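Let us learn to read this model together. Please bring up the sequence and the structure.

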Amino acid sequence: MARHLITSAIPYINGIKHLGNLVGSQLPADLFARYQRGRGHEVLFLCATDEHGTPAELAAAKAGKPVAEYCEEMHDVQAKIADGFNLSFDHFGRSSSAQNHKLTQHFAGRLADQGLIREVTETQMYSHEDGRFLPDRYIEGTCPNCGFEEARGDQCDNCGKLLDPTDLIDPYSTVSGSKDLEERETKHLYLRQSEMRGKLADWIDSKKDWPILTTSIAQKWLNDGDGLQDRGITRDLDWGIAVKKGENDWPGMEGKVFYVWFDAPIEYIACSQEWVDAGKGTDWERWWRTDKGADDVTYTQFMGKDNVPFHTLSFPATIFGADEDWKLVDYIKSFNYLNYDGGQFSTSRGRGVFMDQALEILPADYWRWWLLANAPESSDSEFTWEQFQSIVNKDLADVLGNFVSRVTKFCRSKFGEAVPEGGDYGPAELALTDDIAARVKAYEKHMDAMEVRKSAAELRAIWTAGNEYLQTVAPWSTFKEDPDTAAIQIRLALNLIRLYAVLSKPFIPDASAQMLAAMHTDDDSWPDDVSAALHMFQSGHEFTVPDITFRKITDAERDEWQEKFAGKRT
RNA sequence: GGCGCGGUAGCUCAGCUGGUUAGAGCGCUCGACUCAUAAUCGAGAGGUCGGGAGUUCAAGUCUCCCCCACGCCA
């Protein structure tokens, strides 16, 4: 039995994520976790909310709540939605947890001990009214280059010129609108990533089997311009993890917190401590410490392409730099973006479908299937309602759902609601068994390689094989002259329903559960031996004709939803 | 402007280290079947692989140039 540690990039706390975010990390990670569990392997699947940083503070202020309270509420909202999508996290943690505070401070201390932290004094804009330093993009003013009055502190959106906040004429805070700004010197810690460039480059170079998307992004950051740059790991904020050197104070860094990108990935580890502290597990170190049993763990991370630099370089720099026995990632599966109907999903414009809205109009399985079967693996991909409707109706309702329906209803009408007796499998049944066995092997190969779209295609082909078989042997015909032969055929078909439920569980867990329930079984063991699996139900085994497994999406619904989620275009 | 990823049948996409008539699903046409959610199964018609040049016995698949879309960065 292998051991798989699986993490999904942790979603930011300020709001509900859209389907593009879902398919980029949490959903494929869940697919892989469910598959590995299905194969009988030991899995620890972790995710969390990413709660620190200025956007969280501003979102809380907008909601009129203390930031801690806001984060707690939003964490619960996101947890419920994740649950609604059947994301099977062993624990859904929080980067603001006590465990992460302590661990982040520990890493910072280790890095300092190794000489990998340097202090930098820089000038930033301080807003008296807001009582805080403002990130560049939260300062606006008149562009000195083109006169545009709403140029941001980092760049003018009108002429494109790159700016420093201090360049702006009449700068003001976009948080409060205040013009009472002042340049102040402030000291920050930088992680000396440049020191580790060689080590990181060697490590990335050794990962020949990683997706091109993953390695090409890493290479770019390693080699672009002057190469990998040192990065600030602290901010002048109230909300976050206090800057400490392990358990000790950090002279000169009082009142500062770690920058969100530094503490967020450490939450992957802290999350496993939360998992233990929540009573769900007993030993987190055997997943994370190679000196304490984690050397046989396979660690896989899932993320959208925007997160690749942090996972290929920054977080590994932290791990390498700490020079302790931490488990390093073995495989990084990254995804491109999902576009929405000819453009991008847009949170600010309300364009596209968000996770809560998706669940309001259709059950999770419908979304899971479409999203995974069309996952943006090799390039950005496109969501259109027409495509969604046709895929869902064809694959789920017609090919799989109708198979369950035709088999159970035929049996009920001719033999009753129990597996019929008589005869034994003949050549046609053996041929189907061989065909499916080969396809299951192909399915496993694709799933092992995290080839999401190919896995979906193979699974669909397995469903289709059942319909092909029925069409060929035609039990409705054989029943007329030779009921025993029809009994053999329908017995095999009933066994196929259970087999399909097991194989499909990673993609469509609810439908899988419904199928197993209809077949009056909870045996979802993986069909390592397809022939044996297709002999499981013997004559007399009772079942119940289930309700429709998947309904169809009507043209009217499709048009209505297309209109509803179009958002405001500008 | 630089970099990255793409540009393959009407649509969404596969095509690894170059090698027989370029593939899948959907859609479309025709046929079969009637157990089933007007479902299923089969057959067929549709691409010369963004454009151009080159390397090679052989290129969608390697090289160079150009065009287009998207993304990132400065």
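Q: How far is the side chain of K409 from a phosphate oxygen of RNA strand B?
A: A polar contact is a pair of N or O atoms within 3.5 Å; within protein, one must be able to donate a hydrogen and the other to accept it, and residues adjacent in sequence count only if both atoms are side-chain atoms. In this predicted model, an N or O atom in the K409 side chain lies 2.4 Å from a phosphate oxygen of RNA strand B. For W476, a side-chain N or O atom is 3.4 Å from a sugar or linking oxygen of RNA strand B.

Q: Which residues come nearest to RNA strand B?
A: A residue is near a strand if one of its heavy atoms lies within 4 Å of it. Of 30 such residues, S378, N402, R406, K409 and F550 come nearest. Sugar and phosphate make up 76% of the RNA strand B atoms within 4 Å of the protein.

Q: Which element gives the largest share of the surface near RNA strand B?
A: Helices (H or I, at least four residues) and strands (E, at least two) are DSSP runs, numbered from the N terminus. Helix α12 gives the largest share, eleven residues.

Q: What should I know about numbering and cut-offs?
A: Residues count from 1 along each chain as its sequence is written, while chains are lettered from A and ligands numbered from 1 in the order written. Local features need pLDDT of at least 70, side-chain atom pairs need 80 or more, totals for chains, interfaces and linings use all residues, and side-chain values use heavy atoms, without hydrogens and water.
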